[in-house]
Amino acid sequence: MDKVALNLPWLRASLAETAKVDEICRRLLGISERVYGPGKKDHSRDIRLHIMRNDFMLESTVGSSGFAGRQIELNMIAASFSTHCADLTEVHRYALVKYIPRLRPDCDAQDVHEALQQALPRSPNTDGIAAALAQAQRVYANRWKPTGKPRVVLFISSEKENNELDHRKLEISLFKNHKVLTVRRSLAALSAQCSTLLAPLEPAGFDGAAAADGSRGPQALLVDGHEVAVAYFREGYWPGQFCPAEECWTARETIEISEAVKCPSAPAQLAGMKKVQQLLSQAHELRRFAPDGVGQRLRRCFARQEDPSAESEEAKQAVRAAKDDPASWVMKPQARRARGATLRVRAGHLRRLPGRRHRGASKCGAGPPVAIQGQGHEPGGRLCWQRRGRCTAAGAGPTLLVAGGALHLMARFLMSGTFCRHAIGTSGKASTP
């Protein structure tokens, strides 16, 4: 995905139609055009940090001879719930150790505990992601002379963030294991101090960094008396998070201009668009970024993705297949938090697509949808949980979530890590007995 993010001409051409109806896409393309290119910043010379999450649905129809996972989404921004999944693993381990001996008297708690060391290992998500952020700060510190202000990781997050605890656990791990300090600011708060966010920055050595931008020279990102080494975006992927809109987008572009490590940068966020993922599921497009042998292995784990409003024969065939068997397909919009973010395809919706070319998509900020085939992903059982003293049941289908991080400096690949986590997604209607 780093190669995709560095190929701005391809991103621009691939997302041209999407940008007409998707505000986030259009704005990010504009920022990329103004910040990167000849006479501007060279993104290939930046320190580039990617914290990603791959979502796989598990094929119930694939036997032991095949790979059961089908990638349905690659998340390049605000890959959330990593720390919660680590906690959930511990809850599962505790419950199994406590209750299996009651159901199976021949198993004692110690035997179950030892078996779970292999069957359900502890999740390294929290410490792994924190280590990637800390390593990015160290690379930044080696590249740029100090400004005299304490260096921090900036969490860019809404002041009304419901998932704040996920962020806080990363902050604790950063300080506990790496002595890295953090600050939290929303885009709205940063927009109020745009005029003071940038200050000149001097390179610590010669690696081409000083030539980053011929017009301005390298710029530090300063926030309330701190020098930001890493800007970690946990908001900025949905139009409603830019309020007031113009001021917040100015702040977003100011951050992009700075030498702070962006996670993600504007091009990296564009690389995570659903339209890009749909194109990369096609062999001829994937071949631009991966050798044939690697590309073939990757495509074996891709779910089929089609743009239902495209004019290609493949897209038309996908629409026909979805009309015939709507339970085997889902629709995914460009933007996260779009209404009906994952919904079963309805034949009536597909009949309205030809000739309308995504009309109304810009109103909700979702952009053109992508249809994803999910054959064999029907729920295999029932999931029950207790809520407010009552038992609730719903159909459940397993989803494998694989989180990982990668750090690049120019052409050098500095570090990578993969952290697996498992979650249960529900589908169908819940029932309360």
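Pro264 sits in the loop that runs between strand E8 (261-263) and helix H11 (266-271). The peptide bond linking Cys263 to Pro264 is cis, with omega about 5 degrees. The model is predicted.

**Cis peptide bonds**

- Most peptide bonds are trans, and most residues other than glycine have a negative phi.
- The bond between Cys263 and Pro264 is cis.
- Cys243 and Pro244 are also joined by a cis peptide bond, and omega there is near 5 degrees.
- Pro244 belongs to the loop between strand E7 (226-233) and helix H10 (245-257).

- Lys179 is not a glycine, yet its phi is positive, at about 55 degrees.
- The loop between helix H8 (164-178) and strand E4 (181-185) holds Lys179.
- Lys179 counts as exposed because its relative accessibility is 59%, and the cut-off for exposed is over 50%.
- Asp224 is another residue other than glycine with a positive phi, here near 50 degrees.
- Asp224 is located in the loop between strand E6 (219-223) and E7.

**Arg27 in helix H4**

- Helix H4 spans residues 23-35 and includes Arg27.
- Arg27 has 16% relative accessibility and therefore counts as buried; the limit for buried is under 20%.
- Leaving aside residues up to four places away in sequence, Arg27 touches Glu246 and Trp249.

**Ala86 in helix H5**

- Ala86 is part of helix H5, which covers residues 82-103.
- With a relative accessible area of 11%, Ala86 is buried.
- Its contacts, not counting residues up to four places away in sequence, are Ser123, Asn125 and Thr126.
- Ala86 and Asp127 are 41 residues apart along the chain, and their C-alpha atoms are separated by 9.9 Å.

**Points to check in the viewer**

- Which residues does Arg27 touch, not counting residues up to four places away in sequence? They are Glu246 and Trp249.
- Is Lys179 buried or exposed? Lys179 is exposed, at 59% relative accessibility.
- Where is Pro244 found? Look in the loop between strand E7 and helix H10.

Terms used: Residues numbered from 1 in each chain as written. Predicted model: local features only at pLDDT ≥ 70, side-chain atom pairs only at ≥ 80, totals over all residues. Heavy atoms only, no water. Helix = DSSP H or I, 4+ residues; strand = E, 2+ residues; numbered from the N terminus. Buried < 20%, exposed > 50% of the residue type's maximum accessible area, 1.4 Å probe, protein only. Contact = heavy atoms within 4.5 Å.
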